[in-house]
Amino acid sequence: MANMFAFAESRGGSLRKVALEAVSAARQATDATGGGEVHALLIGAPGIGAKAAALGRAGADLVIVVEHAGLARYSPEVFAATAADRLRSGGYRGAFFAASAEGRDLAPRVAVALGVSMASDLTGFAFEGDALVGKHPTHIGKIITTVRLTGSPALLTLRPGAVLVTDADRTARVEQGAPALDPAAARVVVTSVGGTGDAQLDLADAPVVVSGGRGLREAANFKLVEELAAAFGNAAVGATRAVTDDGWRDPSTQIGQTGRIVSPDLYVAVGISGAIQHLAGMRTSKTIVAINKDKDAPIFKLADYGIVGDLFEIVPRLTEEVRKARAGH
Ligand SMILES: Cc1cc2nc3c(=O)[nH]c(=O)nc-3n(C[C@H](O)[C@H](O)[C@H](O)COP(=O)(O)OP(=O)(O)OC[C@H]3O[C@@H](n4cnc5c(N)ncnc54)[C@H](O)[C@@H]3O)c2cc1C
């Protein structure tokens, strides 16, 4: 019986969805390999331990809580040293991190500290004998590469949205841990988290993403997209590269091959043609709705629901209907 480790990412004192995904994936792997325990590592400012219960519901048997006033934000050296220490001592078979900006920075540091292999940005995984077999989309999602790692623990980063979050009636034990390095001694200090800001729903966490493209004609018309997102209440706003390159939107909101990869429950593409580089960032969304005046736009090949028409007529009506539906009319 092997234990699995999961890193529980948080931001601003809240768990990120990818934290629950990492724990849920570790639970699946543990159950598939004959049982064992899932240990989640949760690091943050004092008070972060209150989030341990949610990690228990996602499948953690034990949550190691490391609270320190100097760890309100990600600290690469401290987080990596603390995770590596735990992984050295726990007899873990696998270690799950998110393929988020933070996880992509953290997991390789931990792999180097331990001298083990890691697989990045997996959308599927299985432990087979002494190997971890992972699925990793390449060539803009057209090819799925199978990677095979041997050695323990096998480290991996999981693409946001790759697994469903478990929500079971279970409670995790909580253990208080300590940082393996004094945060005050860290050479690298994260002074702020940029992009869309700490307060807004992050694209990777949002259950709904409404994205706009060049079909909106000019930056000011993005308010149509923002209003539709606001009507959903749990949506983040994305954009195509055509739009971010033109300066209409912040580059951190670009979805695609050279931008963010999202996998929400619902993706609404407004005035987006569906270039292959854009599809690479959203094709794994659960349900895709496209609004485009060109019935032959490539986005319709991927969309579950397509609305052919002028977005300037359709989006305000859709926004109104979503508002009514949410208000219970
Ligand atoms: C190396 C490389 C990397 C790239 N990486 C990315 C990336 O990460 N993300 C990304 O998005 N792109 C990326 N691109 C750019 C990509 O190839 C496309 O150029 C871009 O996605 C197109 O954006 P768009 O759909 O907004 O614009 P367009 O392709 O111009 O499409 C606009 C759409 O709006 C529709 N439309 C116009 N008016 C209306 C209306 N009134 N009502 C309804 N529909 C309307 C049109 O029919 C059209 O389909 C990359 C390109 C390269 C070469």
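Colleague: Which residue is the bridge partner of Ala6 in E4?

Modeller: Ala6 is bridged to Ala40 in E4. Bear in mind that this is a predicted model.

Colleague: What makes E1 and strand E4 (residues 38-44) a pair?

Modeller: The cut-off for pairing is at least two bridges. E1 and E4 have 5 bridges, in the parallel sense. E1 is also joined to strand E6 (residues 92-98) by 4 bridges, again parallel. There, Phe5 stands opposite Ala95.

Colleague: Why is strand E1 (residues 3-8) called largely enclosed?

Modeller: A residue is buried if 20 or more other C-beta atoms lie within 10 Å of its own. In E1, 6 of the 6 residues are buried, so the strand is largely enclosed by the rest of the structure.

Colleague: How do you know which residues cover each face of E1?

Modeller: In a regular strand, side chains alternate between the two faces of the sheet. Asn3, Phe5 and Phe7 are on one side of E1, and Met4, Ala6 and Ala8 are on the other. Every one of these residues is buried, so both faces are covered.

Colleague: Is Glu37 buried or partly exposed?

Modeller: Partly exposed. Burial needs 20 or more C-beta neighbours. Glu37 has 19 within 10 Å, so the label is partly exposed. Glu37 lies in the loop between helix H1 (17-32) and E4. Beyond four places in sequence, Glu37 touches Asn3, Thr30, Asp61 and Leu62. Glu37 and Ala2 are 35 residues apart in sequence, with their C-alpha atoms 7.2 Å apart.

Colleague: Why does Thr287 count as partly exposed?

Modeller: A residue is exposed at 12 or fewer neighbours. Thr287 has 13 C-beta neighbours inside 10 Å, so it counts as partly exposed. Thr287 lies in strand E16. Leaving aside neighbours within four places in sequence, its contacts are Asp265, Leu266 and Asp304. Asp265 is 22 residues from Thr287 in sequence, and the two C-alpha atoms are 6.0 Å apart.

Colleague: Why are H5 and H9 called roughly parallel?

Modeller: Helix H5 (residues 222-232) and H9 pack at about 15°, with axes 8 Å apart. Angles under 35 degrees count as roughly parallel. H5 is therefore roughly parallel to H9. The crossing is left-handed. From H5, Leu224, Glu227, Leu228, Ala231 and Phe232 make the contact; from H9, the residues include Val315, Leu318 and Val322. By class, the contact has 8 nonpolar, 1 polar and 3 charged residues.

Colleague: Why are H3 and H4 called oblique instead?

Modeller: Helix H3 (residues 76-89) and helix H4 (residues 101-114) pack at an angle of about 50°, and their axes are 9 Å apart. Roughly parallel needs an angle under 35 degrees, and roughly perpendicular runs from 65 to 115. H3 and H4 are therefore oblique to each other. H3 passes H4 in a right-handed crossing. Among the residues that meet are Phe79 and Leu87 in H3, and Leu106 and Val110 in H4. The contact has 11 nonpolar, no polar and 3 charged residues.

Colleague: What is the pairing in the sheet E8-E9-E10?

Modeller: Antiparallel, in an open sheet of 3 strands. The edge strands are strand E8 (124-128) and strand E10 (143-150). Neighbouring strands are turned by 20° against each other on average, direction ignored. E8 is joined to strand E9 (residues 131-138) by 5 bridges. Ala126 has Val133 as its bridge partner in E9.

Key: Residues numbered from 1 in each chain as written. Predicted model: local features only at pLDDT ≥ 70, side-chain atom pairs only at ≥ 80, totals over all residues. Axes fitted to C-alpha atoms, helices over the stretch in contact; angles between N-to-C directions. Helix = DSSP H or I, 4+ residues; strand = E, 2+ residues; numbered from the N terminus. Parallel < 35°, antiparallel > 145°, perpendicular 65-115°, else oblique. Left-handed = near helix turned anticlockwise from the far one by under 90°. Contact = placed C-beta atoms within 7 Å. Nonpolar A, V, L, I, M, F, W, Y, C, P; charged D, E, K, R; others polar.
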